[in-house]
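The sequence and structure are shown first.

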Amino acid sequence: MNNASPKYQTVDKSKATVQPLSHGLYDKKKIQVDVFRLDLIHPVIAGNKWFKLQYHLKDAMAQQRKGIVTAGGAYSNHLVATAAACRETGLACIGMVRGERPPTLSPTLEEAIRYGMRLRFIPREIFDNEQAFVQQVQQEFPDHAFIPQGGQGAAGVKGAAEILRWLPNAVTYTHIACAVGTGTMMAGILTAATPQQKIIGVSSLKIPNTTDNSFIHLLQHYTPHPNFVLWYDYHFGGYAKKTPALLDFMNALYHEQALPTDFVYTGKLLYAVTDQITKDYFPPGSRLMVIHSGGLQGNRSLPPGTLLF
Ligand SMILES: *Cc1c(COP(=O)(O)O)cnc(C)c1O
């Protein structure tokens, strides 16, 4: 048993500020665009990762688990956030990483190790077979709690729902847009939204636009809120893929609005929203909230000088 307090002292709610964007385009279309800067709440456990982790960690502590086992890829924001959060709560933590151990570790994995995470490299065949993988984890670490990749699951959704409780005047927004990886954050936001609010999810993965894909299953599993839409055409080639147009957009956004974004999630989100504003998706008078879910550490995998920030 550990006696660490379940509070994350260094996550600072007062830093979660609302940044209004100003642009002639928005004025012309008569819409307001605000960004909820969850990237600012903590230097490492930033953005949605803290929200999704909090109940997983509380549960592990309540069950007096020895530590946490979780999983991710070599550039996973979730792994490094979990490592830092475990360090602050006093839980041991093990990161299962997909694939062979590379000769040099990514900056993300190096950082996770610095926070005390022990890494295990898992062959892709096992990692990708959910049942076999979970079985292996349970056999090897029976006294640890398992947090699925990305902080998924009911505890993750419950934690993500608090994003809207942190947002000042949340009910005054007509549209709330967020990036989608697993869909856990979007599910949480949907559970907390009013029926009149439209929740927009921008997929950062290439996934078929069908009426019964995995995102829609997940959202419907957690909430009956029907007022959502998923945009599938802003993945820029797929998960963690990028194009010069995306990077140029991110640099311009930083230059014009002092808003840093990451190329895996929030850059694509802001691009999508801007594109849809030009295409008149939002009726005049709309008040749009864009959730900045963090992820900036992932930009370290870009060649130096790619971004202005
Ligand atoms: C992990 C992550 C997401 C994806 O969140 P899901 O709940 O898995 O959909 C979105 N944005 C950022 C910045 C992330 O790091």
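The model is a predicted one. One of its sheets is open and contains six strands, arranged in the order β1-β2-β10-β7-β8-β9 with mixed pairing. Its edges are formed by β1, residues 18-20, and β9, residues 228-231, each of which pairs on one side only. From one strand to the next, the twist of this sheet averages 25 degrees.

Within the sheet, β7 (residues 175-180) and β8 (residues 198-203) run parallel and are joined by six bridges. Across this pair of strands, Ile 176 stands opposite Ile 199, a residue of β8. Helix α9, which spans residues 214-222, lies across β7, β8 and β9. The direction of α9 is at about 155 degrees to that of β9.

**The four-stranded sheet**

A further open sheet consists of four strands in the order β5-β4-β3-β6, and here the pairing is parallel. The edge strands are β5, residues 118-122, and β6, residues 144-147; each of these pairs on one side only. The twist in this sheet averages 25 degrees from one strand to the next.

Strands β3 (residues 67-72) and β4 (residues 92-98) pair in the parallel sense through six bridges. Among the paired residues, Ile 68 has Cys 93 in β4 as its bridge partner. Helix α2 packs on this sheet and touches β3 and β6, with its direction at about 160 degrees to that of β6. Helix α6, residues 130-140, lies across β3, β4, β5 and β6 and runs at about 140 degrees to β5.

**The ligand and its shell**

Which residues come nearest to the ligand? Of the 15 residues around the ligand, these are Lys 49, Asn 77, Gly 181, Thr 182 and Ser 293.

| Residue | Protein atom | Distance to a ligand oxygen atom |
|---|---|---|
| Asn 48 | N or O atom in the side chain | 3.0 Å |
| Asn 77 | N or O atom in the side chain | 2.8 Å |
| Gly 181 | polar backbone atom | 2.7 Å |

The ligand taken alone exposes 390 Å², and the protein buries 98% of that area. The largest share comes from α2, which provides three residues.

What is the make-up of the shell by residue class? It has nine polar, four nonpolar and two charged residues.

Two residues other than glycine have a positive phi. For Gln 64, phi is near 55 degrees, and this residue is found in the loop between α2 and β3. Ala 258 is found in the loop between α10, residues 244-257, and α11, residues 266-278.

Conventions:
Residues are numbered from 1 along each chain as its sequence is written. This is a predicted model: local features need pLDDT of at least 70, side-chain atom pairs count only at pLDDT 80 or more; totals for chains, interfaces and linings use all residues. Side-chain values use heavy atoms; hydrogens and water are left out. Two strands pair if DSSP finds at least two bridges between them. Axes are lines fitted to C-alpha atoms, for helices over the stretch in contact, and angles run from 0 to 180 degrees between N-to-C directions. Contact means heavy atoms within 4.5 Å. A residue is near a molecule or strand if one of its heavy atoms lies within 4 Å of it. A polar contact is a pair of N or O atoms within 3.5 Å; within protein, one must be able to donate a hydrogen and the other to accept it, and residues adjacent in sequence count only if both atoms are side-chain atoms. Accessible areas come from the Shrake-Rupley method with a 1.4 Å probe; for residues, only the protein chains shown count as cover. Ala, Val, Leu, Ile, Met, Phe, Trp, Tyr, Cys and Pro count as nonpolar, Asp, Glu, Lys and Arg as charged, and the others, Gly among them, as polar.
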